[in-house]
Structures are given as C-alpha cells and as structure tokens.
Amino acid sequence: MTPIPADYHDLLIAPNTAVFTTLLADGSPNSSPVWFWFDGEAVTISTLTERTKHRSVQRDPRVSLTVVDPDRPLRYLEIRGTVEITEDPEGELRDRIAAKHGHDDGAAFDPPDASRVNLHLTPTRIIEH
C-alpha cells in the first residue's frame, strides 16, 4: 500500500467532498461526488448497493479519488488504487461520515430498506499537487 502523505491529511480529515471515479462496463470513466472517511491511513466510501459505483467496482476494482483544497483550488490530492468491498448493514460508516459533515442522522440519506457497503481504497499511486 502506498502511504498517503501527511501534508495532505488535512484535506482528508476535513468535511470535504471528493470526486470518485470508477470504470463502467465499456471502460469509460464514471465520476461522482462523494463524502468519505479517513482513518489516518486509508480512505473508505460508504455507498448504496444499487449505485453505479458499487456495480462498477464489483466488476473492476480500479478507482481514483480526488480531493481539492477549497481554500487553494490548485492544491489537490489524487489517490489511485483498488477497492475492497465490505458489508455495512447498520450504516455505521455512513453515520460517521454524516456526522463529519454536520448531520445528526446518516439514515436520513437512505431510502427505506437501503443496503449499504463500504469501499475501502488501497492506494497504488498518489498524485500530490
């Protein structure tokens, strides 16, 4: 695993929105804004199982996550790598991410009977700018 430089941890700890890119079945990129969790070493995204990003990483785990510094827009961190999918039936990570962004109830973001998974990003290349 390629370590994430400490100089960029501030972007991952703050309640920023990232751009998460997966590969569709035809090989074309699909990018979407996401909230995420950073534990000091790794980045994890919570998503619903019916989302395109979940279906895409099941087929091809290669992804990219880019976070732009809102105070200095030319400063950003791109993390390229692969994801591992784990179940999150209780939405525990979703709730931590929602709290990070100032929301009391992460469940409010889910439709009834939602099924959640976590996408754990293993970096293989880091691009700092």
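Helix α3 lies across β3, β4 and β7, and runs at about 110° to β4. This is a predicted model, in which local features need pLDDT of at least 70 and side-chain atom pairs count only at pLDDT 80 or more, while totals for chains, interfaces and linings use all residues. Residues are numbered from 1 along each chain as its sequence is written, and side-chain values use heavy atoms, leaving out hydrogens and water.

**Sheet**
- Seven strands make an open, antiparallel sheet in the order β2-β1-β5-β6-β7-β4-β3; strands are DSSP runs of E with at least two residues, helices runs of H or I with at least four, and two strands pair if DSSP finds at least two bridges between them.
- Because β2 and β3 (37-38) are at the edges with a single partner strand each, one side of each has no neighbour in the sheet.
- Helix α2 (residues 52-59) packs on the sheet and touches β1 (18-23), β2, β4, β5 (62-68), β6 and β7; contact means heavy atoms within 4.5 Å.
- Antiparallel strands β6 (residues 76-87) and β7 (residues 116-128) are joined by eleven bridges, and isoleucine 79 has isoleucine 126 in β7 as its bridge partner.

**Largest pocket**
- Its lining has 15 residues, with Val34, Trp35, Ser46, Phe109 and Arg116 nearest the centre of the largest pocket.
- On a 1 Å grid over the protein atoms alone, a pocket is an open set of points where a 1.4 Å probe fits, with protein on both sides within 12 Å along at least five of seven lines; lining residues have an atom within 4 Å of a point.
- β4 gives the largest share of this lining, four residues.

Conventions:
Axes fitted to C-alpha atoms, helices over the stretch in contact; angles between N-to-C directions.
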